[in-house]
Amino acid sequence: MTATKPVVLLAEELSPATVEALGPDFEIRQTDGADRSQLLSAIADVDAILVRSATQVDAEAIAAAKKLKVIARAGVGLDNVDIRSATQAGVMVVNAPTSNIISAAELTVGHILSLARHIPQASAALKGGEWKRSKYTGTELFEKKVGIIGLGRIGALVAARVQGFGTEVLAYDPYITSARAAQLNVKLVTLDELLEQSDFVTIHMPKTPETLGMLGAEAFEKMKETAYVVNVARGGLVDEEALYTALTEGKIAGAGVDVFVKEPSTDLPFMSLDNVIVTPHLGASTDEAQEKAGISVAKSVRLALAGELVPDAVNVAGGVIAEDVRPGIPLIEKLGRIFTALAHDSMTAIDIEVAGEIASLDVKALELAALKGIFTDIVSEQVSYVNAPVLAEQRGIAVRLITTPDVDDYRNLLTIRGALSDGTQLEVAGTLTGPKQIQKLVGVNGYDLEIPISEHLLVLIYQDRPGVIGSLGRILGEKDINIAGMQVARNSEGGQALSLLTVDSSVPQDVLETLREAIGASVAREVDLQD
């Protein structure tokens, strides 16, 4: 009897190179993913589906796909894929996180050049029958200062390219070491220094609660009136209302924008201004990026359906992983995110320790998951289980995986320890308890505790004294933020204390500041672990 080939559904038009990369071992089917009825019918018995941005692979589609093992997005963004539903259904989600980095960097440089020389405006005027040489006198990039906020892979590519114009590159990235900056020939500065000194400011940060509106009214006040702002990274990093105000009031000279809070957008107020250049989210819109994306996810599908480790899995680690190790993957990824949230400086070294019964097994996946968690909230690109070590290497961070069968109190204990650039150490530890394998945080910087990990975790460090817990409860209660759980640990009576609270909703930055001031906390941070 001939074995049936796995079925791969192409829900959108993909390059011949994508099909070629899949190889001959699959039955290839095609459908129009934008047609809902066609999609739900076609997806019913397939093993994998490849999509771009037009196909919505939501909970309904996933439920209809009884045999589905892999959803592959031929691109970076995953807004059209319900990752939570896919994970619950045991379906791997993969994308192509590096496919567009060159295209995005080149578009950034294109915006910078267009702003410097008014190329789109001059072209439009001339096509309209107007010869306006004097109106569109520009400025050279030579010897100008380009400020890059976020020095990840795209930021580093931008730095290399603008240096070819003879610019001086300033960078702000709290997670980049001085050694890495020196390697890139970039000067690390504070955010305020970058804003005050730069002639061009381009932002390449991840979209998080902390970075939303990062370039807003306060930032524009600090910039030169002759400076330009570019955003090809994420909509919302630049406050759109504040940008319009800054442009109309002459706070800055102009802006280049490729991404928007709501897309598609065609009628935002700043779009009508002559000193603004806008493009319709073209960061990945090159033939090369599209082909790279298709080939990349085709290779991931092949690996996933063969049961091997998948480099660009965004929700689960693929490959042959021992059953006793697998539950630790989401736990240590969350520990990595908690570690990053508590880090107050860039990292120079990271130890990932696996202690207990599983230490004798292959636990490499736990190292990958820990690094994925550490970098998830500090780089603009999608972090996967295999590109995470590359991100550490690029930043000059030494990484060690340590295993030991020796552990007190728990069957298994997962710990992340790190050395920070200022010489301090940071440590977080967690374990799984009970038949339901409940994820618990059991240690922070030597404080012993045991609290279930939730989507919203509040961490406060302060001087131990009476009345603090009452103040915390009162302030959060007044803001209608419910405390689900709380634990307090201290190193000595009257010494430093740590409070961990799990809360039912996100804690706004202004509430964190209120808490900090009320109890004199040296640390007051929320760790948001929502998918």
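**Notebook: a first look around**

I began at Leu151, whose backbone nitrogen lies 2.8 Å from a polar atom of the Asp173 side chain. A reminder to myself: this is a predicted model.

**Entry on Asp173.** I looked up where Asp173 sits and found it in the loop between β7 (168-172) and α8 (178-183). Which side chain of opposite charge is nearest to Asp173? I found Arg395, 4.7 Å away. Asp173 is buried yet has no salt bridge, because a salt bridge here needs a nitrogen and a carboxyl oxygen within 4 Å. I also listed what Asp173 touches beyond four places in sequence: Gly150, Leu151, Gly152 and Leu188.

**Entry on helix α14.** Next I turned to α14, residues 364-376. The helix has 13 residues and reaches 18 Å from its first C-alpha to its last, close to the 18 Å expected. How many residues of α14 are buried? I noted 11 of the 13, so the helix is largely enclosed by the rest of the structure. Among the buried ones are Leu366, Leu368, Leu371, Ile374 and Phe375. The cover over the buried residues includes α13 (328-342), β13 (347-356), α15 (387-394), β14 (398-404) and β15 (412-420).

Lys364 and Glu367 are 3 residues apart in the helix, about one helical turn. Are the two partners buried or exposed? Lys364 is partly exposed at 42% relative accessible area, whereas Glu367 is buried at 9%.

**Entry on other salt bridges.** My search of the whole structure gave 22 salt bridges. One of them joins Asp45 and Arg29 at 2.9 Å, N to O. Asp45 lies in the loop between α2 (36-42) and β3 (48-51) and Arg29 in strand β2 (residues 27-30), so the pair ties together parts 16 residues apart in sequence. Asp45 is partly exposed at 33% relative accessibility, and Arg29 is partly exposed at 27%.

I then checked Glu513 and Arg516, which form a salt bridge with their closest N and O atoms 3.6 Å apart. Both lie in helix α17 (residues 509-519), 3 residues apart. Going back to Asp45 and Arg29, I saw that shared partners join them with Glu27 into one network.

**Entry on Gly213.** My last stop was Gly213, in the loop between β9 (200-203) and α10 (217-222). Gly213 counts as partly exposed, at 30% relative accessibility. Beyond four places in sequence, I found Gly213 in contact with Gly236, Leu237 and Asp239. From Gly213 to Pro435 I noted 43 Å, C-alpha to C-alpha, and 222 residues in sequence.

Notes. Residues numbered from 1 in each chain as written. Predicted model: local features only at pLDDT ≥ 70, side-chain atom pairs only at ≥ 80, totals over all residues. Heavy atoms only, no water. Helix = DSSP H or I, 4+ residues; strand = E, 2+ residues; numbered from the N terminus. Buried < 20%, exposed > 50% of the residue type's maximum accessible area, 1.4 Å probe, protein only. Lys, Arg positive; Asp, Glu negative; His and termini not counted. Polar contact = N/O pair within 3.5 Å; in protein donor to acceptor, adjacent residues only side chain to side chain. Contact = heavy atoms within 4.5 Å. Expected span 1.5 Å × (residues − 1).
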